[in-house]
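Subject: Structure handover

Hello,

Here is the structure I promised to pass on. My notes follow just below it.

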Amino acid sequence: MSAAKWLNKVRWDENGLVPVIAQELGSNDILMFAWMNREALTKTVESGEAVYWSRSRKKLWHKGEESGHVQKVHEIRLDCDEDVVLIKVTQTGSVACHTGRHSCFFQKLNGEVQNAEWVAVEPVLKDPGVIYK
């Protein structure tokens, strides 16, 4: 299958992006959610490391370029609707989140509807001030 053919199978949104879930190989922890455009997905396949599209910075973002917490990609999957990508990764340094935690999904909803609150349930593994200088 040519590059254009496999890339064309992905149902890109109106901005040319596809949502991506990064899942840790082995533990199956969901580490983060991000976006890729065609170039990011191509670079991810070529390099074997996760490359995302930063919507806020409007540029490609090689995960770990500042922090050193690179994601080594082992497998890439496309969901049944062909509009969400799942990448199975090894997270170097055990930190995927810019808050210094293992996963970006560290807040858990506790309580009943009327008094529910989000509670941090994962520890900070590394001070973000040390990670990002």
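Leaving aside its neighbours within four places in sequence, which residues is V124 in contact with? They are T99, G100 and R101, where contact means heavy atoms within 4.5 Å.

Before the rest, some ground rules. This is a predicted model, in which local features need pLDDT of at least 70 and side-chain atom pairs count only at pLDDT 80 or more, while totals for chains, interfaces and linings use all residues. Residues are numbered from 1 along each chain as its sequence is written, and side-chain values use heavy atoms, with hydrogens and water left out.

Back to V124: the loop between β8 (117-120) and α3 (128-131) holds this residue. Helices (H or I, at least four residues) and strands (E, at least two) are DSSP runs, numbered from the N terminus. V124 counts as partly exposed because its relative accessibility is 44%, the class between buried (under 20%) and exposed (over 50%), with a 1.4 Å probe and protein chains only. Its C-alpha atom is separated by 8.9 Å from that of V95, 29 residues apart along the chain.

Now the sheet. Four strands make an open sheet with mixed pairing, in the order β2-β1-β6-β5; two strands pair if DSSP finds at least two bridges between them. At the edges are β2 (30-36) and β5 (71-78), each pairing on one side only. β5 runs antiparallel to β6 (residues 85-91), and seven bridges join them. In β6, L86 stands opposite R77.

Happy to talk it through!

Best wishes
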